[in-house]
Amino acid sequence: MLKLTLLIFVFLYIPAEVVMAQPQVVDSLRNSLHYDERDSLEADTNTVLTLIKIAESFQRDEPDSIIKYAASAFELAERINSVSGMVRANQLLGIVYFRRGEYKKVYELGSTSISLLGSSGYQEERASLNHLMGLFHASQGSYERGLSYFFEARNSFEALGDADGVFRSLNNIGASYNRLGNNREALNIFLELDSLNALTAATISIPVNLGINYYELEDFEKAEQNLMRVIRFEDKSYDKRALGLTTFKLGEIYRERKQYSDALNYFNESIQIFDSLDNEIEKVQSLNGIALTYLELQELKNAEGYAQHAFSIASTANALPEKNISSKTLFEIYSALGNPEKALDYHMLHKSYSDSLHNDEVSKAVGRLEAEYEYEKLEENLRTQQQVKNLRNAEQVADRTYMLVIAIALLIIAIVISSFLYRNSMIRKSANNLLQEKNKEIEHQAARLHEMNEIKDHLFSIISHDLRGPLSSLYGFITLNEMNALSKQDMQKLIPELADKFKYTSNLLNNLLNWAKSQLKGYKVVPKKFQIKTIALETQKLLAQKASEKSITVEINLDEVAPVYADKSMIDLVLLNFLSNAIKFTPNNGHINLTATEGDDFVNVCIQDNGVGISEEHLEQLFKETSFFSTEGTNDEKGTGLGLMLCKDFVQKNKGTLWAESKINEGSTFCFTLPKAENN
């Protein structure tokens with residue numbers, strides 16, 4: 001049985017200024033608040049700080065009180081435009097929502113606060129925000145991105161001399177290494193932290209993470225020893241989330257030892273703790289542990305109930321890691337129950353979720369590409385900012401030179417004064433012209449980066465959804481077939497559907513590879529003389545079955561056309577895409593006609609159909625570089641819009657032009673030009 005390892009690491013966030021909610025402390029702070037003549041709190045910095053201190057005094061015990069006072073502090077800070085007050089209030093709110101598992105709110109508060117801070121100053125607030133954003137990304141399974149925030153937070157805390165902040169950052173760096181599979185590196189960090197820190201409420205995360213780490217290394221004895229340090233710890237003022245994770249992990253250890261009664265007790269205790277914290281999402285791992293325990297006990301109905309409860313919570317919160325583990329458990333349960341249809345459904349869901357997490361090799365590669373792209377974009381922005389700064393410095397130098405020339409000119413004759421003034425004017429004009437040119441270049445680069453980002457996002461979407469879906473379906477089919485969980489009728493039903501998906505996938509993959517090669521300048525145009533009719537007939541044969549399925553007549557009228565001078569392979573792909581699209585959008589018993597006319601220097605080739613047609617609004621979007629416009633065909637055929645972009649690119653590379661004409665319900669005509677061979 002595969003061990004459950006998801007979301008078991010202690011990403012504790014414990015502010016350095018933690019004060020227990022002592023009544024006398026709270027009363028003293030409340031009495032220090034000042035009110036105006038309307039009995040409202042005075043909007044000043046002291047009031048904001050007092051409200052924040054009151055919220056901090058409830059740090060672990062009363063989350064609703066934290067929300068109440070932190071929200072009031074934010075409202076007053078916003079009224080007096082206190083950036084530090086707004087950010088500190090948001091940090092406190094973020095802590096509460098993180099402990100409740102409401103990670104979307106954590107991200108919104110963190111992003112808002114980062115934008116409030118700007119690009120400089122507020123080092124303490126910035127360090128804590130980086131730590132909070134690291135917690136958010138780690139909780140979503142994006143451990144590499146979370147690590148970058150934790151390292152940034154650690155560096156800032158070190159510069160500020162904040163030992164507690166450094167401890168928290170190192171603790172979560174170790175937890176992230178653990179989740180990424182680097183257990184030895186994580187263990188070294190936790191052992192070092194354990195040797196340097198006495199066990200207190202603030203450092204309770206150390207034995208929790210040591211226990212988890214030893215569990216991953218399958219040293220269950222040491223794992224239990226460290227987790228029991230938390231159970232036996234007398235000061236119960238620590239964050240109860242640590243106790244919830246500890247009891248969950250003890251349940252896992254006892255399940256591994258086949259001591260099922262003890263395992264169930266610890267799992268249920270963990271659920272009760274997270275219930276008291278209003279943290280629904282972290283109950284999923286314990287509910288899933290109970291389901292796996294009942295599965296091993298062959299109490300399949302109990303296992304199904306707990307697994308469905310876990311999956312329901314994960315789906316409501318849209319928590320991808322939790323949906324992944326609970327869908328896998330449901331797959332195993334329905335396989336054991338002899339229900340192949342539901343087993344296949346949850347197996348395909350599990351594969352889809354797994355592929356979306358960074359553990360999948362393709363997802364890792366895409367993540368690296370995205371990271372490299374973001375890094376290059378950031379580097380380009382920094383270079384651009386530096387260029388602007390240099391130009392401004394140059395202009396300032398020119399201004400200083402101008403003043404110096406005037407001072408010197410007072411001591412010399414009028415002719416020398418005029419000469420220097422003229423020279424300085426030319427320098428300023430040159431600097432201004434250069435600045436204007438650079439500004440235009442920067443605007444062009446920014447526009448191009450925006451277009452590239454849209455193209456990148458769409459291509460990643462195609463890879464992660466359209467290309468991965470059929471592969472996941474095939475994998476699920478093979479898995480169930482190996483398990484003998486499919487009847488002959490099931491196979492007859494599923495095989496045609498898989499075949500259709502792979503026809504679409506094959507066409508998509510060809511277009512995707514050709515597009516990527518074209519954009520990376522991997523295509524070299526090799527023009528030669530040939531008859532357009534030759535490749536048209538080959539394309540007609542290639543698509544004959546597809547046309548026959550819809551009883552569509554394809555007529556080729558290219559007999560009297562002069563030969564063209566172009567790259568034959570590229571034009572072959574252009575005709576294949578256009579004719580395939582014509583078949584796709586032409587109803588049964590339709591007609592398609594390929595014709596050509598000659599100009600002085602070019603041959604005009606047109607593919608005309610009597611299909612569904614295209615509206616004027618959509619026609620304008622067809623060949624835009626970032627639109628990738630596509631709709632389903634008359635028989636629900638799918639597409640991505642990538643083929644049209646490829647056709648446009650290849651025609652232009654061969655010195656041609658491309659256009660389309662269409663009317664709704666009357667049909668469409670797609671035309672392109674190619675150079676005549678006799679003129680080349």
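User: In which helix are glutamate 304 and lysine 301 three residues apart, separated by about one helical turn?

Analyst: This is a predicted model, in which local features need pLDDT of at least 70 and side-chain atom pairs pLDDT 80 or more, whereas totals for chains, interfaces and linings use all residues. Residues are numbered from 1 along each chain as its sequence is written, and side-chain values use heavy atoms, without hydrogens and water. Helices (DSSP runs of H or I, at least four residues) and strands (runs of E, at least two) are numbered from the N terminus. Glutamate 304 and lysine 301 lie about one helical turn from each other within residues 300–317, that is, in helix H15.

User: What is the N to O distance in the salt bridge of glutamate 304 and lysine 301?

Analyst: A salt bridge places a side-chain nitrogen of Lys or Arg within 4 Å of a carboxyl oxygen of Asp or Glu. Burial follows relative accessible area: buried is under 20%, exposed over 50%, partly exposed in between (1.4 Å probe, protein chains only). Glutamate 304 is buried at 16%, whereas lysine 301 is exposed at 62%. Their side chains meet at an N to O distance of 3.6 Å.

User: Which helices are included in what covers the buried residues of H15?

Analyst: The buried residues of H15 include Leu300, Glu304, Phe311 and Ile313. Contact here means heavy atoms within 4.5 Å. The cover of these buried residues includes helix H14 (283–296), helix H16 (320–336) and helix H17 (340–356).

User: What is the reach of H15 from its first C-alpha to its last?

Analyst: H15 has 18 residues. The expected span is 1.5 Å times one less than the number of residues, which gives 26 Å for H15. The model comes close to that expectation, with a reach of 26 Å.

User: How many residues apart are aspartate 559 and lysine 533?

Analyst: The side chains of aspartate 559 and lysine 533 meet in a salt bridge of 2.1 Å, N to O. Aspartate 559 lies in the loop between strand E2 (553–557) and strand E3 (564–566), and lysine 533 in helix H21 (residues 532–542). Aspartate 559 is exposed at 51%, while lysine 533 is partly exposed at 26%. The pair links distant parts of the chain, at a separation of 26 residues.
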